[in-house]
Amino acid sequence: MKTILIVEDEKILREAYKKILAQEGYHVVDAPDGQRALKLLDDETPDLILLDMLMPHMDGLEFLEHADLQSNHPGTKVIAFSNLSNQQGLNAMMEKGATMQLLKSSLSPRQLAAIVRDMTGDGQPAAA
Amino acid sequence: MATSRSGTKTMAQRDSVQDALAKTAALVVVMRGEEGVVDYVSPGMHRVLGRRDVDGLPMRKAFPELNGQGWFECVEEMYASGKSADGGGIVVSFIVGGKPAREALYTFSLEPCLDDDGNIGGVTAVGIRVNNQYLMHQRSAEEQERYHAFMQNSNIGIWRFELDAPIPTGLPVEEQVRLTFERAYLAEANDAMASMYGYETAAPIIGARLGDLMIQDDPKNIGYLTAFVDAGYRLTGVDSHEKDYEGNDKYFRNSLVGVIKDGRIVRAWGTQQDITEQYLAVQAMRKSEERLELALKASHLGTWEWNLASNELTWSDELRQLYGLNADDEVSYETFINLLHPDCRDELQANFQHSLETGDSYEVEHKIVWSNGEVHWILGRGRAILVDGKPVRMLGTGMNIDDRKRAELQLRESEARFRSMADNAPVLIWESDAKARCTYLNQPWLQFTGRSLKSSLGNGWTDDIHPDDRPLAGRAYRDASRNHEPFCVEFRVKNRDGAYRLLLDKGEPRFSSDGEFLGYIGSCIDIQDIRESQKLKSMNTTLKTQRTQLLALNRSKDEFISLASHQLRTPATGVKQYIGMLLEGYSGDLTEDQTELLRIAYESNERQLQIIDDLLKVAHIDAGKVELKMQPTDLAGLIQDVIKEQRDTFRKRRQRVIFKPEQPAVMVCADAPRIRMVIENLVDNAGKYSPEGRDVTIAIEAGKDDVVIGITDQGVGIAEADIGKLFQKFSRVNNPLSTLVGGTGIGLYWAKKIIDMHHGSIGVTSQLHKGSTFTIRLPKGDQ
């Protein structure tokens with residue numbers, strides 16, 4: 001089972017994504033900010049991280065800088081997943097190792113699930 | 001008639017008297033008329049004179065031998081007074097012919113001939129022969145006293161020298177002179193004469209030897225006595241050099257007459273005037289003249305004189321030197337003219353001519369050319385002397401003025417250099433005199449004001465100063481000139497176009513080499529532009545500050561918008577995810593009604609998200625945050641992709657999109673994603689604002705430099721009045737479909753901004769209810 005890490009400070013969204021992706025058959029772990037997410041990485045090696053950009057304590061960019069996924073979790077992909085129209089900030093995250101950037105508001109649950117499946121290399125969805 | 005009778009009687013009486021006198025040895029002379037014309041001379045008189053042709057002559061011509069003996073004076077006095085002379089007689093001396101000639105003394109009595117009215121008509125003179133002894137007897141003691149009284153009261157020195165022994169007049173002149181010094185002694189002298197020798201009275205010098213009184217070796221004295229002998233022992237106005245009591249030099253003017261007896265001189269009478277002071281004055285003057293002559297030589301001043309009657313031109317040695325001539329070179333008017341520089345001949349000759357006609361003096365500076373070719377400057381002055389209006393002589397001077405001319409030339413060159421420099425200087429230059437009157441303005445000044453030099457000099461130039469600035473400019477000048485200090489002032493001056501320009505005027509005091517204040521020299525520069533640029537600079541600084549503030553504000557706004565959009569998007573995204581999960585079956589099946597209601601909620605939420613996106617897009621582009629990423633872009637392919645993407649939407653509305661490009665690929669250099677969004681927007685609008693079933697046609701045409709895309713619909717069209725506001729921010733145009741379509745009024749605004757950033761253009765032509773064509777023109781750019 002593939003593991004997805006959701007880093008999102010907005011609980012309502014975090015819960016929605018957890019619910020969607022869990023139904024899609026993924027092992028989902030989540031964290032409300034960068035610091036908690038870093039700790040989770042001690043125990044988990046997610047296949048994909050949905051990483052929000054603007055968060056308290058530690059934002060997405062700082063998380064990427066500290067996590068050093070290239071060294072510690074080379075197989076982990078990252079979607080810079082933001083609702084902030086800050087192109088510069090998104091570009092910076094791409095430079096720090098994010099695989100793709102997505103605007104949260106642009107995706108319906110099925111569209112998100114389809115993208116995650118593409119990213120994790122799973123051909124079939126777990127649920128219809 | 002009575003007069004006539006009495007006249008006849010008088011003449012008869014005279015004739016009888018004459019008849020009687022003719023027979024006497026007495027000398028009788030009758031003169032008539034005021035000039036004393038000789039009317040009658042007795043035979044005795046003829047004998048004494050040795051001639052008879054004296055009748056009808058005026059007495060002075062008739063009897064020249066009586067000249068100087070007081071005879072004529074007595075006659076003239078009688079004519080004047082009409083009375084007999086006091087003293088009765090006058091003694092005169094005649095030299096009577098024969099061998100040897102002898103002196104004959106006669107005493108004359110004079111009587112007036114009166115007519116009946118008592119007026120004098122003539123004089124009768126009767127002379128009786130006297131000898132010396134007789135003469136002595138005749139003179140009464142009273143007459144002697146009168147003589148002495150006259151002598152003593154006279155201011156003129158009167159003297160009589162006697163000789164120890166008479167000197168023969170036949171001796172050689174030199175011997176006579178020597179013997180005179182040896183034998184003569186002063187027998188008689190008045191006090192006036194004594195005082196000339198430093199004595200109070202005559203007594204101490206009576207008996208003095210002539211040799212003691214006169215300096216024997218002095219050539220002047222020898223000449224004096226020689227002249228006395230040569231002139232027949234009678235001299236007037238001869239000067240002698242003598243010594244006074246204290247040995248001081250004395251100069252006297254003498255008149256003397258010698259008494260000759262038997263061919264020997266026995267005594268001499270004379271008078272003398274002390275002319276020492278005059279003599280010394282003359283000497284001093286001569287010295288002064290000598291000094292003047294020296295001065296003339298030193299000052300290179302030469303003189304000339306031209307005798308017009310003889311055409312004789314005389315040049316001084318100095319003048320010859322000035323003209324490069326030798327002392328023995330001949331000079332003539334022609335020589336002179338030839339020496340003149342050709343440039344100066346006419347002027348000088350004109351001056352000569354004028355002076356010759358009027359006697360006016362002239363002064364001309366002219367050039368001359370020496371025979372060796374050297375050119376010199378001469379200051380020529382001259383004047384013609386006219387007699388009865390005719391020129392007889394011309395006098396003049398010439399002075400070398402090479403040095404002065406050289407200095408003048410240097411000054412002129414210096415002046416010319418200054419003028420040339422000043423006229424080419426990029427500043428306005430002026431000069432004033434000590435009375436604050438403008439004396440010079442350079443060409444740039446005149447060009448600046450467009451005023452003539454003549455009307456600018458003096459105070460004329462101040463007319464161009466701005467009336468408000470005149471007191472300020474005037475005060476600056478006056479305050480500075482009081483202490484002869486430099487000044488600097490700004491004022492406005494009207495230029496030739498009538499515009500006032502601000503000038504910075506700097507004045508420096510001018511002084512002569514003696515330190516005398518001469519006025520000011522100053523320069524003005526036009527600082528209008530500088531001052532304006534300073535103002536601009538200041539405004540620029542303000543603007544920069546404002547810009548910084550605005551940028552900060554804008555940043556705050558961007559941050560706010562960015563944050564707000566995030567904050568707005570998050571809940572809407574939450575709605576989208578949860579309704580999405582319901583609609584997409586994550587929570588099991590829904591009824592048809594439930595699905596429809598959730599779909600409306602979902603669409604509404606989508607629209608809210610779209611508005612948020614549009615707002616963000618505008619905020620970004622207005623903030624200049626949009627940076628184009630230009631890349632070769634196939635517009636035809638891009639349009640195909642858009643059509644493909646929107647195919648379902650069009651199909652739902654039963655609309656076709658017709659696109660048949662002539663070329664498979666039309667390349668431009670553009671930001672592909674953003675151009676794609678523009679085309680998406682226009683294609684979407686074309687569909688949305690057209691009724692169902694109406695086709696949309698897209699055309700693309702590649703020109704040489706640009707590409708034009710036309711998107712034509714058969715929709716509701718746009719009223720002409722609305723076309724202008726179509727591309728404005730937040731503008732909505734009312735039409736039958738607008739309410740249904742919705743929209744934020746941002747799409748076309750953003751599209752225009754993007755096309756503008758590509759240096760292209762976007763426009764629309766439309767007919768209400770028939771349709772519209774939106775046209776995009778994009779430059780091809782470097783691909």
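Colleague: Is Tyr233(B) buried or exposed?

Modeller: Buried means under 20% relative accessible area, exposed over 50% and partly exposed in between, with a 1.4 Å probe and protein chains only. Tyr233(B) has a relative accessible area of 10%, so the residue is buried.

Colleague: What pLDDT do local features need in this predicted model?

Modeller: Residues are numbered from 1 along each chain as its sequence is written, while chains are lettered from A and ligands numbered from 1 in the order in which they are written.

Colleague: Where is Tyr233(B) found, given its positive phi?

Modeller: Phi of Tyr233(B) is about 60°, although the residue is not a glycine. Helices (H or I, at least four residues) and strands (E, at least two) are DSSP runs numbered from the N terminus. On that count, Tyr233(B) is in the loop between helix 10 (219-230) and strand 8 (234-243) of chain B.

Colleague: Asp262(B) also has a positive phi; is Asp262(B) buried or exposed?

Modeller: Phi of Asp262(B) is near 55°, in a residue other than glycine. The loop that holds Asp262(B) runs between strand 9 (249-261) and strand 10 (264-274) of chain B. With a relative accessibility of 73%, Asp262(B) counts as exposed.

Colleague: How many residues of chain B are in contact with chain A?

Modeller: Contact means heavy atoms within 4.5 Å. Chain A contributes 24 residues, and on chain B the number is 21.

Colleague: Which element gives the most to the side of chain A that touches chain B?

Modeller: Buried area is the accessible area (1.4 Å probe) that two parts lose on being put together, summed over both; for chains A and B this is about 2000 Å², with 56% on carbon and sulfur atoms. Two elements of chain A each give two or more residues to the side touching chain B, helix 1 (11-23) and helix 6 (109-120). The one that gives the most, with 8 residues, is helix 1 of chain A.

Colleague: How many charged residues does the side of chain A that touches chain B have?

Modeller: Ala, Val, Leu, Ile, Met, Phe, Trp, Tyr, Cys and Pro count as nonpolar, Asp, Glu, Lys and Arg as charged, and the others, Gly among them, as polar. That side divides into 12 nonpolar residues and 6 polar ones, and the charged residues number 6.

Colleague: How many salt bridges cross the interface of chain A and chain B?

Modeller: Side chains of opposite charge can pair when their charged atoms come close. A salt bridge here is a side-chain nitrogen of Lys or Arg within 4 Å of a carboxyl oxygen of Asp or Glu. Over all chains the rule counts 49, but across the interface of chain A and chain B the number is 0.

Colleague: How many residues apart are Asp526(B) and Arg501(B), which meet in a salt bridge?

Modeller: Their N and O atoms are 2.8 Å apart. Asp526(B) lies in strand 20 (residues 517-526) and Arg501(B) in strand 19 (residues 500-511) of chain B, so the pair links distant parts of the chain, with a separation in residues of 25.

Colleague: What is the relative accessibility of Arg404(B), the salt-bridge partner of Glu408(B)?

Modeller: The closest N and O atoms of the pair are 3.3 Å apart. Both residues lie in helix 15 (residues 402-424) of chain B, 4 residues apart, about one turn of the helix. Glu408(B) is partly exposed at 24%; Arg404(B) is also partly exposed, at 33%.

Colleague: What share of the residues of chain B count as buried?

Modeller: The secondary structure of chain B comes to 26 helices and 27 strands. Among its contacts with a separation of 6 or more, residues 24 or more positions apart account for 53%. Of the 783 residues of chain B, the buried share is 38%.

Notes: This is a predicted model: local features need pLDDT of at least 70, side-chain atom pairs count only at pLDDT 80 or more; totals for chains, interfaces and linings use all residues. Side-chain values use heavy atoms; hydrogens and water are left out.
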